[in-house]
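Here is a short briefing to read with the structure open beside you.

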Amino acid sequence: TRGEVMKRAEEWVEKQIPYCQCNGPAECCGNCPYCKDYRCDCSGYVSYAWGLPYGYTTYTLDEVAHEIKKDDLKLGDILLHKSEHVVLFGGWANSAKTAYHCYQEPGCHTSGPHHAYVSVMTYPFSSSPSSFIPYRYNHIED
């Protein structure tokens, strides 16, 4: 359900899970105590929040999701830039639908925190705005 997705997303925010691209124990760098079935990167974060059996990548999340329109966005949907980044939609921050609550696991190259966090973001996303497309998990329940 959307509530479960957001609860799982909040877990990483509360724990401030650090960014790491390890792909579970077989590929772990040895420095990340959180590596299990999901990388601690943006797509691993979404995969965990959606309750997927393992971590997908930004290139493969569309295998379990479908494109939607901006006006159809609901809690737990995503904004996906297939070759770069993905964030969870946490609801509109204003009635004009120009800003939203953005849950993300940012990369190490960002100037912001290097752990999962939530912030208010200008829609759709600050970098490459035309490349961020709304998607919905195929098996989410309202």
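Predicted model: local features only at pLDDT ≥ 70, side-chain atom pairs only at ≥ 80, totals over all residues.

**Helix H2**
- Eight of the eight residues of H2 are buried, so this helix is largely enclosed by the rest of the structure.
- If you want to pick them out, the buried residues are Cys-42, Ser-43, Gly-44, Tyr-45, Val-46, Ser-47, Tyr-48 and Ala-49.
- The cover over these buried residues includes H1, E2, E3 and E4.
- Just after H2 comes Gly-51, which takes a positive phi of about 75°.

**The nonpolar cores**
- The largest nonpolar core has 29 residues, and the members that touch the most others are Tyr-45, Trp-50, Leu-61, Ile-78 and Leu-88.
- Two or more residues of this core come from each of helix H1 (2-15), helix H2 (42-49), strand E2 (78-81), strand E3 (85-92) and strand E6 (133-137).
- Another core, of eleven residues, lies apart from that one; Ile-68, Phe-89, Cys-102 and Met-121 are among its members.

**Arg-39**
- You will find Arg-39 in the loop between H1 and H2.
- Arg-39 counts as buried because its relative accessibility is 9%, and the cut-off for buried is under 20%.
- The Arg-39 side chain makes a polar contact with the side chain of Ser-43 (2.6 Å), and Ser-43 is one of the buried residues of H2.
- The side chain of Arg-39 also reaches the backbone oxygen of Tyr-56, at 2.7 Å.

**Glu-105**
- Glu-105 sits in the loop between strand E4 (99-104) and strand E5 (117-122).
- The Glu-105 side chain does reach two backbone nitrogens: that of Tyr-19 at 3.2 Å and that of Ala-116 at 3.3 Å.
- Not counting residues up to four places away in sequence, the residues that Glu-105 touches include Trp-12, Ile-17, Pro-18, Cys-40, Asp-41, His-85, His-114 and His-115.
- Cys-42 and Tyr-45 are also among the residues touched by Glu-105, and both are buried residues of H2.

Key
Residues numbered from 1 in each chain as written. Heavy atoms only, no water. Helix = DSSP H or I, 4+ residues; strand = E, 2+ residues; numbered from the N terminus. Polar contact = N/O pair within 3.5 Å; in protein donor to acceptor, adjacent residues only side chain to side chain. Contact = heavy atoms within 4.5 Å. Core = buried A, V, L, I, M, F, W, Y, C linked by side-chain atoms within 4.5 Å. Buried < 20%, exposed > 50% of the residue type's maximum accessible area, 1.4 Å probe, protein only.
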